[in-house]
Amino acid sequence: MATASVHHSILVNRATRVHTQTRRNASFRVRCMAEEKQPQQPMASSTSTNPPPPAAAQTPVATPTFPPPRAAPKKMSTKFGDLLAFSGPAPERINGRLAMIGFVAAMGVEVARGTDVAAQLADGGLPWFVLTSVVLSVASLIPLSQGVSVESKSDGLMSSSAEMWNGRVAMLGLVALVLTEVAKGGALI
């Protein structure tokens, strides 16, 4: 593995120079233009095997042209209609969160009491379902309406992508639980 020594000097609105020297004494310099309106230097290449001249006598070897930096991501609309639109950030996320809570609650009550989901809703579970749905929907919409994206708050294991996939699996699990109980004619357990 070649050992490299890298010297950086970054000046505001100036070009960045990087000087790299490998073990084979092959030397090259890269000059990156910070602004598009600065003049470009001609490109030259060198495959010298001699030791590099002193730093003061070195000339730029290559001046690559880089595309302009990516534009900042589009701002998320904070209008209520845009948040709840079919392709908006809220519907699938809220449904997934409700399905995760619903699946765990349905399985917990089923294990504790031995009743199926339909019986759980008939025995006073419907008001709890409505209350949980309203509270979780409002709690999910408040940060989105203030312009805070879910991706900005996700990190590591608790990422927004993992939440989406867990919500999708919970939605399928809840539907599969209800269909299995209907086909079986009673509680799953």
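Predicted model: local features only at pLDDT ≥ 70, side-chain atom pairs only at ≥ 80, totals over all residues.
Q: What's the angle, and how far apart are the axes?
A: The packing angle is about 150°, and the axes are 10 Å apart. Axes are lines fitted to C-alpha atoms, for helices over the stretch in contact, and angles run from 0 to 180 degrees between N-to-C directions. H2 covers residues 91–113, while H3 spans residues 117–145.

Q: And the overall layout: how many helices and strands?
A: Five helices and three strands, as DSSP runs (H or I, at least four residues; E, at least two) numbered from the N terminus. Along the sequence they go β-β-β-α-α-α-α-α. Residues are numbered from 1 along each chain as its sequence is written, and side-chain values use heavy atoms, without hydrogens or water.

Q: Switching to charges: how many salt bridges does the structure hold?
A: Three, each needing a side-chain nitrogen of Lys or Arg within 4 Å of a carboxyl oxygen of Asp or Glu.

Q: What does Glu-92 pair with?
A: Arg-168, at 2.4 Å from N to O. Glu-92 sits in H2 and Arg-168 in H5 (residues 160–184), so this pair ties together parts 76 residues apart in sequence. Glu-92 is partly exposed at 33% relative accessibility, and Arg-168 is partly exposed too, at 29%. Here buried means under 20% relative accessible area, exposed over 50%, and partly exposed in between (1.4 Å probe, protein chains only).

Q: Which residue does Glu-163 bridge to at 2.9 Å?
A: Arg-93, going by the closest N and O atoms. Glu-163 is in H5 and Arg-93 in H2, so that bridge ties parts 70 residues apart in sequence.

Q: Is Arg-93 buried or exposed?
A: Buried, at 8% relative accessibility.

Q: What about Arg-97, which partner does its side chain meet?
A: Glu-163, in a salt bridge of 2.4 Å, N to O. That one also links distant parts of the chain, with Arg-97 in H2 and Glu-163 in H5, 66 residues apart. Arg-97 counts as partly exposed at 22%.

Q: Which residues end up in one network?
A: Arg-93, Arg-97 and Glu-163, joined by salt bridges that share partners.
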